[in-house]
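Let us read a few features together. Keep the model open beside the text.

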Amino acid sequence: MNSNNQLVTIWMFTGMLAGLAIGCFAGISQGKMGTSMCLGLVLGMIVGIVIGTAVKNFKTKK
């Protein structure tokens, strides 16, 4: 695995953790913890992959 793929993976996991935390907070406030955490995990992973790919493409253009 080269460093560009590691960067995408790191951003993916960061997005997953942030989405999980936001989903947990939203779930506690709404009383639907499981659904909110699941949605936060999936959306956070997608956002993390997008950000990681954008950063990777930006680094390779330099």
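Q: What should I know about the model and its numbering?
A: This is a predicted model, where local features need pLDDT of at least 70, side-chain atom pairs count only at pLDDT 80 or more, and totals for chains, interfaces and linings use all residues. Residues are numbered from 1 along each chain as its sequence is written, and side-chain values use heavy atoms, without hydrogens and water.

Q: In which helix is cysteine 24 found?
A: Helices are DSSP runs (H or I, at least four residues), numbered from the N terminus. Cysteine 24 is in helix H1, residues 3-30. Serine 36 lies in helix H2, residues 33-61. Leucine 41 is also in helix H2.

Q: Is serine 36 buried or exposed?
A: Buried means under 20% relative accessible area, exposed over 50%, partly exposed in between (1.4 Å probe, protein chains only). Serine 36 has 13%, so it is buried. Cysteine 24 has 22%, so it counts as partly exposed. Leucine 41, at 32%, is partly exposed.

Q: Which residues does cysteine 24 touch?
A: Contact means heavy atoms within 4.5 Å. Leaving out residues up to four places away in sequence, cysteine 24 touches Met33 and Met37. With neighbours within four places set aside, serine 36 contacts Gly23, Ala26, Gly27 and Gln30.

Key. Helix = DSSP H or I, 4+ residues; strand = E, 2+ residues; numbered from the N terminus.
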